[in-house]
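Thanks for asking me to look this one over. My notes follow as numbered points, with the working definitions placed where they are needed.

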Amino acid sequence: MNNQKKGRESWGSNFGFLMAAIGSAVGLGNLWGFPYKCGANGGFAFILLYLVLVVFTGYILIMTELALGRATGQSIIPAYKKASDGKLTFVGIFSAIAPFLILGFYSYLGGYSIKYTVANLGDIFNANWGVKGVDGSEFFLNLVGNIPESILYTIIFLAITIFVVARGVDSGIEVFNKFAMPALTILLIIVVIRSCTLPGAGGGLSFLFKPDLTVFKGSGWITVLSAAGGQMFFSLSLGMGILVTYGSYMSKSENISVNGIVIPIADTFIALLASLAIMPAVFSFGMEPGAGPGLLFMTLQSVFNSMGVAGPIFGFFFYLLVVLAALTSSVSLLEAIISSFIDRDLIKGKANTRIKWAVIFGLLTMAEGILVAYDALGSNLPLVFGQPDILDAFDLIAEGILMPIAAFLTTIYFGWFKKDFLPAEIKADGSAFKTEGFYRFCIKFLAPLFTFFVLLGQINSFFQLGWF
Ligand code: PHE
């Protein structure tokens, strides 16, 4: 393979950048987290607050991160260092550790999606490695208990991720996303059509869209807001330097404020489509909508099992799209981890060391993934930080602490201190920055407020403090 780039890389086209940024955003968070959190938090009420947060904080932070990356032309750690004269270097370091921890368990879940795709494919051909005849929950628990197989699929998932990232920004990440994103959208639409035309699908539709605001009663709205906030950060890949990194590969002629709108709209659209693929089917087969994390790997597989001959075909389509969505996110995680190291070497005058760092960090995350698989969701390792399993312990540090702190300090610094730095970059392509007033207001007041609240909400839910 001789595509070792000489200098700093960049996107081949704005469309390619958009596919990659949307690909990072669309992942297990949309296909799994959104529908089940929506299910557990009153459906419509959750969607409503989610949308409010996307507009007032999500959009703002997307532009902030993209502009920070492009203004400095650097990836996370050097970008924060350069933009703050060293004061916020630690925020860059926080943002770089978070994806490293997330990739550790994301690859385990991505590996399971590959396993389910393969198993449903087996059922299409009546092979003996299918799911048929086994209840979804039993299939999942057997898999979790089978440590060698769990490790194997985690490794396969990471190997694909390393391969794509090692090929480079435009010839690896961009090319893969340009294929995977349209493909997954088509697969998702096929599953939505099947799900919404099942008998009894209406129950799922009214659950999702019938305005029922009773969950807001008393302090209920705080609980829903906190669930929606955490979900939004994860789903939009915020506070983890992903968009700083992707923004640093953008050309100065692209319009950040417009790209910044397209990304959350596409991400929310896919999350809603995923809910439309899942909830009507869950209701049609009389399953539990707020089933929690088991929704994707237990409930849905049981739904496919009950669909008769067509079940494995839809199961195959569905889990394949989950694999694609997970891979487009995992490549962004690995890229965000390694790009600071590549940049450091470039600054020192070395050649592009992409392949070396992709392999090194790929192997290190593999070690994390193996640990997660070995733990079998809390069966084999001692409890860390009071979390039920090592997966949650990784998630606590990344999503619960590093991510909201990094995002909060970013909004404070660029909202109160270096106020003109990012708006100037957003306008650098010469376009009118129509939402400038809105941006300045939100990054100063609303985004820090919401972000701080997300921090409290995460601590509250990880440690089950019952504050709200
Ligand atoms: N946004 C991705 C998802 O929804 C996950 C992700 C989080 C990717 C953070 C990168 C950074 O699944």
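1. Helix 2 (28-40) gives the largest share of the lining of the largest pocket, with seven residues. This is a predicted model, in which local features need pLDDT of at least 70 and side-chain atom pairs count only at pLDDT 80 or more, while totals for chains, interfaces and linings use all residues. Residues are numbered from 1 along each chain as its sequence is written, and side-chain values use heavy atoms, with hydrogens and water left out. Helices (H or I, at least four residues) are DSSP runs, numbered from the N terminus.

2. The other helices that supply at least two residues each to this pocket's lining are helix 5 (89-124), helix 10 (220-235), helix 13 (294-305), helix 16 (390-417) and helix 18 (436-462). In total, 37 residues line the pocket, and Tyr-36, Lys-37, Pro-293, Asp-392 and Asp-395 lie nearest its centre. On a 1 Å grid over the protein atoms alone, a pocket is an open set of points with protein on both sides within 12 Å along at least five of seven lines; a cavity is a set where a 1.4 Å probe fits but cannot get out, and lining residues have an atom within 4 Å of a point.

3. The largest pocket holds about 1200 Å³ of space, a volume being the space filled by probe spheres set on grid points joined across faces, edges and corners. Its lining has 17 nonpolar, 15 polar and five charged residues. Here Ala, Val, Leu, Ile, Met, Phe, Trp, Tyr, Cys and Pro count as nonpolar, Asp, Glu, Lys and Arg as charged, and the others, Gly among them, as polar.

4. Where does the ligand sit? The space it takes is the largest cavity (more than half of its atoms lie within 2 Å of the grid points). That cavity has about 110 Å³ of space, and Ser-24, Tyr-106, Phe-234, Ser-237 and Ser-329 lie nearest its centre among 15 lining residues. Helix 14 (310-347) gives the largest share of this lining, three residues. The lining has eight nonpolar, seven polar and no charged residues.

5. Around the ligand itself there are 15 residues (a heavy atom within 4 Å), the closest being Ala-25, Leu-28, Gly-29, Tyr-106 and Phe-234. Helix 1 (14-25), helix 2, helix 10 and helix 14 each supply at least two residues of this shell. By class, the shell has seven nonpolar, eight polar and no charged residues.

6. The polar contacts (N or O atom pairs within 3.5 Å) are worth a look. An oxygen atom of the ligand lies 2.6 Å from a polar side-chain atom of Tyr-106. Polar backbone atoms are 3.1 Å from a ligand nitrogen at Ser-24 and 3.0 Å from one at Ser-235. The protein covers 100% of the 320 Å² of accessible area that the ligand has on its own (Shrake-Rupley method, 1.4 Å probe).

7. Finally, the structure holds three cavities of 30 Å³ or more. The second largest cavity has a volume of about 60 Å³, with a lining that includes Arg-194, Ser-195 and Phe-304. Helix 8 (169-196), helix 12 (256-284), helix 13 and helix 14 each give two or more residues to that lining, which divides into 10 nonpolar, one polar and one charged.

Technical notes. A polar contact is a pair of N or O atoms within 3.5 Å; within protein, one must be able to donate a hydrogen and the other to accept it, and residues adjacent in sequence count only if both atoms are side-chain atoms.
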